[in-house]
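Reader: Please take a close look at the aromatic pairs in this model. I would like the geometry and the setting of the rings.

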Amino acid sequence: MVHDDSYIKLTLELAAKGKGRVSPNPLVGCVIVKNHQIIGAGYHEFFGGPHAEINAIRSARDDVKGATLYVNLEPCSHFGKTPPCVDAIIQAGITKVVIGTLDNNPLVSGKGAEALTRSGIEVKTGVLEKECLELNRFFFKFIQKRIPYVTVKVAQTLDGKIATLNNQSKWITTKASREEVHRMRAYYDAVLIGRKTALIDDPKLTVRLADGRDPKRVILDSKLRIDLKRAMFGNNPEKNVIIVTALESKEKPKKIASLKKLGIKVIFVATGKDGQLSLPAVLKALGKENIMSVLVEGGQEIFSAFIREKLTDEMRIFISPKLLGKCLCAFSDVGVTLLEKSQRWEIRRVERFDEDVLLELRRT
């Protein structure tokens, strides 16, 4: 029905308000309708807080008994940080529940819908399912594979350059593009760079040009050679900086102690045959830290490695109408030697930011 679609669309709009605040929980919005009128609405506002269904029931301006509840994701049926939402829905006397998509979390996975049906509540699922899956793509990957959703973010010129030969990169793109990057950072659990980018650019990787919380900041440094005077180390009140290094770095106890004194967490992972950090091992380690999404911001070697190993779920490429010629390319070796073997990416969205163009791409 058209009405079901419109109400689920509203739950998605409400759910999106929780971006950057609820991880590693999913984004959920809820609307309660009675006599063709919305009598309650809510969303999951922060991790550990009441779920969307509870907020919607509490907000209701009329008795919810006999009402229809709309929610973009299947209500939970297990105890977590909060009691099961299914129990609250049943106790409230709601007679119909319309669900955008079922939850692939093994703790839920159809059990919530089944519990509602057993209690005599009419249940409808699969309304705007594609849109519901898209909104929670970070969550669905994380809950299935226990590794973060990975987005590579690149700021480049028309000819694919990210810096001059003397490493000058500030600023290739416009302030409007940089503001959008800061908004993106606020939505991701972590921002990731390599040691060379930390050394050359000395970035803060915080959210300063937009509203939102700072993500965790991850540096890949296989040999633990990082300079302790980096900008992000001196601006770490929430102790959210992580350095991922090789197992062999455990032989540097003084360096490790100095980093920990600055509030920096050091994680050790295995290396590959090339002596570089194993990126699958890096993602697995970050998953254990409940990091559900990662924004990869540089540099060339890191970009290329994530693409080459096909660990990238999405790319966001900001293109500035400038030409640099013989300078540093965004990508080097991505494992392609024949044109017919080139990686294919689907352009999902194109947006302008002043004179720049943003391409949002997904692997085909």
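**Aromatic pairs and their surroundings**

Author: Start with the turn. This is a predicted model. The hairpin of β1 and β2 has two residues between the strands, and Asn35 takes a positive phi near 55 degrees there. Strand β1 covers residues 29-34 and strand β2 covers residues 37-43. The two strands pair in the antiparallel sense, over six bridges. Within this pairing, Ile32 stands opposite Gly40 in β2.

Now the rings. A pair of aromatic rings is described by the distance of the centres and the angle of the planes. The count comes to six aromatic pairs. One of them joins Tyr7 and Tyr70. This pair is tilted, with 4.8 Å centre to centre and 45 degrees between the planes. Tyr7 lies in helix α1 (residues 2-15) and Tyr70 in strand β3 (residues 68-73), so the pair ties together parts 63 residues apart in sequence. Tyr7 and Tyr70 are both buried.

Phe138 and Tyr149 form another tilted pair. Their centres are 4.9 Å apart, and the planes make an angle of 40 degrees. Phe138 belongs to helix α6 (residues 137-145), Tyr149 to strand β6 (residues 149-157). Eleven residues separate Phe138 and Tyr149, and their pair links distant parts of the chain. Both Phe138 and Tyr149 are buried. With Tyr188, these two residues form one aromatic cluster.

Two rings also carry a lysine over the face. Lys19 lies over Tyr187, at 5.1 Å from the ring centre. The charged end of Lys250 sits over the ring of Phe268, 5.4 Å from its centre.

Terms used
Residues numbered from 1 in each chain as written. Predicted model: local features only at pLDDT ≥ 70, side-chain atom pairs only at ≥ 80, totals over all residues. Heavy atoms only, no water. Pairing = 2+ DSSP bridges. Helix = DSSP H or I, 4+ residues; strand = E, 2+ residues; numbered from the N terminus. Phe/Tyr/Trp six-rings, centres within 6.5 Å; stacked < 30°, edge-to-face > 60°. Buried < 20%, exposed > 50% of the residue type's maximum accessible area, 1.4 Å probe, protein only. Lys NZ or Arg CZ within 6 Å of the ring centre and 35° of its normal.
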